[in-house]
Amino acid sequence: SGSPVLEDCWGYLDCRVTNAMDGGDMTCFLGEVLDGKVFNENEPLWWRDAARRLPAPVMEEWDRKIGQEIEFSTTRMDQIDYSPWTPGGRPPKE
């Protein structure tokens, strides 16, 4: 698709956005996978495993920040826009 590919990582997925969903304080994107590749045959480093390797002060800071994010998200959930998403703001085809 012409998207940049970072090769110094576990792998990549190249996607076309098919939907964008308002999450109140974030936007979640749903994508159709166009291409992908694994560069490293090792298992990816999952957050649950990475978190165990981080020093206690780093995890304390993470917990503080994620707690603030969750609190902010909770206050925005009732403001979600449920109108259908269309690429480029075009009205949906009928």
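This is a predicted model: local features need pLDDT of at least 70, side-chain atom pairs count only at pLDDT 80 or more; totals for chains, interfaces and linings use all residues.

Trainee: Is R52 buried or exposed?

Mentor: The relative accessibility of R52 is 63%. Exposed means over 50%, so R52 counts as exposed.

Trainee: Which residue forms a salt bridge with R52, and how far apart are the closest N and O atoms?

Mentor: Helix α1 (residues 47–53) holds both partners, three residues apart, which means that about one helical turn separates R52 and D49. At 23% relative accessibility, D49 counts as partly exposed. The salt bridge joins R52 to D49, and the closest N and O atoms are apart by 3.0 Å.

Trainee: Which residues are joined with R64 into one network?

Mentor: R64 forms a salt bridge with E61, with 2.6 Å between the closest N and O atoms. Both lie in helix α2 (residues 56–76), three residues apart, about one turn of the helix. Salt bridges that share partners join R64 into one network with E61 and K65.

Trainee: Where in the chain do the partners R16 and E32 lie?

Mentor: The side chains of R16 and E32 meet in a salt bridge at 3.3 Å, N to O. This pair links distant parts of the chain, 16 residues apart. R16 lies in strand β1 (residues 11–22), and E32 in strand β2 (residues 27–38).

Terms used. Residues are numbered from 1 along each chain as its sequence is written. Side-chain values use heavy atoms; hydrogens and water are left out. A salt bridge is a side-chain nitrogen of Lys or Arg within 4 Å of a carboxyl oxygen of Asp or Glu. Helices (H or I, at least four residues) and strands (E, at least two) are DSSP runs, numbered from the N terminus. Buried means under 20% relative accessible area, exposed over 50%, partly exposed in between (1.4 Å probe, protein chains only).
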